[in-house]
Amino acid sequence: MKSRKTAAAIAATVALGLAATACGSSDSGSGGGHAKADAALTSIVNKTDKKGGTVTYEHASGPDSLDPGNTYYGWVQNFSRLYARALVTFKPAPGKEGLKIVPDLATSLGKATPDAKTWTYHIRKGVKFQDGSVITSKDVKYAIERSFAREALSNGPTYFSTYLKDGDKYKGPYKDKSADGLKSIETPDDSTIVFHLDKPFADMDYLASFSQTAPVPQKADKGASYVQSIVSSGPYKFASYSESRGATLVRNPQWDPKTDPIRKALPDKIKLNFNVQPTTVDEHLLNDTSTADIAGTGLQSKTQPKVITKASEKAKTDDPYAGALQYLALNVHVKPFNNADCRKAVQYVADKADMVDAIGGEVRGDPATTVIPPGVSGYKKFDLYPSAGNKGNVAKAKQYLAKCGKPNGFKTTLTARSDRPDEVTSATQLQQSLKKIGIVADIKTFPSDKYFTDFAGVPDWVHKNNAGMMMMAWGADWPAGFGYIDQIVDGKAIKGSGGTNLMELDDPKINAEIVKGIGTLDTTKRNATWGKVDQMVMENASLVPLFYRKNLLYRPDSAANVTVSQAYLGMYDYALMSSTK
């Protein structure tokens, strides 16, 4: 299968989706099978306003947690909007419209002071919990406070503790019993919440879109066991929950559509099944006995040939970018990668086209040339190390090896995660490319759950074991430049253990540009800064982009209101999805 998807081919794919929208086929109310391949990238497939039916989601394992304050998984952030209303959220809409932040529990986006250090939100009036009690700003404050209790709720992101004043000192409401709680969040009245940050942060609305800002009534909070009895603020509530089996959600009679301009809440019931074998998840989709694979990672490689070789089945697929990049980190403290010319030799020799073919072809990814992937605000298309057909340029690579004093190559260690087949396959293919210029890479694999804590994310281990090359993949915490690059290229992300800046890149100019960008309120100027940072990192050459990851999604005929959310890593938008069954 050919993997070299050209710009013209990509444009043609987008045009196909737009054409489907124009002719009305992708909005057909008669079934998802009437739409064309990739139609959900730019339109709503099988569009309907009909209420009723049951949406059934399946997952091969399960979530980190369905507790809105204790989750980091992208699919839970997406799914939780059915029962937890954050201050703001991503607009349930197709294409680039879905990247827009819109008010949810709040009446508007945040109002910032000129220095971007104080942000104010106002809560909609009349919004109620499932027990009928009115939601106030204090419920939102408490929800955020409980996310600081890492001894009980360890899964969620830590941005609030990083950016709120004295956030690093607050230990959460289970340990801090003071009446004021977290002083850097003020609630002067029941409809107002004010955040005081210790540094400028222009992406505050993205932070406010995390499910950690969904209200929690303090009287109902049971710490880690709150997940067993979540109190809904959205259109659905939990009828049942089992950590091993899944959950069933039904309508919340206290939800008032007049207070919620973004949710239609069409299904009568939503079922979520855990621990379903991956191939069985696919079988249920193809047999139209489930609505979607909620993980949003796409069909298994064994299943893909069944759908992409048959026109009627391929028409039910969408192949979006996953907002993620597979890349190679070159550690700047492991010789000879302390020499930029040696790093550039690797940039040139990488055969990205064959690597994409090795993992399954263009349905799995496209050759990458930038740090920030398509679909993330701040993405700028450029290629500092071009080669014909993305096949690598051996002659150019040899020139840079000679410049760095290693004309005959050298030996190094290449790490990868043992339980990620595509990553191991990519490492093996890269190993063959490196041999063309005399670089001998010894591949060592480690399990994902130890990769950062014990190996690749531990500088001492990396240096002692000559691990100059490390396979890595990264997805955006939110679809904007800062949410993508901060944890992988900023010097402050270097840690003694558990680090994700595997290059140990600590360039003062890059660090300063990141600080400048996140303090810039003007969106256009801020996005331009992320494009500049991307180019600076590529000039440094310590990060080798390999491919932009894609997920081949499948929509059964009964799935309705289906559209891909660019904001949620290219999975379907679960706030919109309904079913004709």
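Which residue in β9 does Ser-240 stand opposite? Hi everyone, hold that thought for a moment.

A quick word on what we're looking at. This is a predicted model, where local features need pLDDT of at least 70, side-chain atom pairs count only at pLDDT 80 or more, and totals for chains, interfaces and linings use all residues. Residues are numbered from 1 along each chain as its sequence is written, and side-chain values use heavy atoms, with hydrogens and water left out.

Okay, back to the question: the residue across from Ser-240 is Thr-248 in β9. Strand β8 (residues 236-242) and β9 run antiparallel, joined by 6 bridges; two strands pair if DSSP finds at least two bridges between them. Together β8 and β9 make a hairpin, with 3 residues between them.

Now the sheet. It's an open one of 6 strands, in the order β14-β18-β13-β17-β15-β16, with mixed pairing. At the edges you find β14 (365-367) and β16 (440-446), each with a single partner strand, so one side of each has no neighbour in the sheet. Inside that order, β13 (residues 321-330) pairs with β17 (residues 469-475) in the antiparallel sense over 7 bridges. Pick out Leu-325, and its bridge partner in β17 is Trp-474.

Next, two helices. How do α15 and α16 cross? The axes of α15 (residues 481-489) and α16 (residues 508-518) come within 11 Å and cross at roughly 150°. Axes are lines fitted to C-alpha atoms, for helices over the stretch in contact, with angles from 0 to 180 degrees between N-to-C directions. The pair is therefore roughly antiparallel, a label for angles over 145 degrees. Who meets whom? Phe-482, Ile-485, Asp-486 and Val-489 of α15 meet Ile-510, Asn-511, Ile-514 and Ile-518 of α16, where contact means heavy atoms within 4.5 Å.

Last stop, charges. A salt bridge here is a side-chain nitrogen of Lys or Arg within 4 Å of a carboxyl oxygen of Asp or Glu, and by that rule there are 29 salt bridges. One of them joins Asp-49 to Lys-264, with the closest N and O atoms 2.9 Å apart. Asp-49 is in the loop between α1 (7-23) and β1 (54-58), and Lys-264 in the loop between β9 (246-251) and β10 (269-273), so this pair ties together parts 215 residues apart in sequence.

That's my tour, thanks!

Notes:
Helix = DSSP H or I, 4+ residues; strand = E, 2+ residues; numbered from the N terminus. Parallel < 35°, antiparallel > 145°, perpendicular 65-115°, else oblique.
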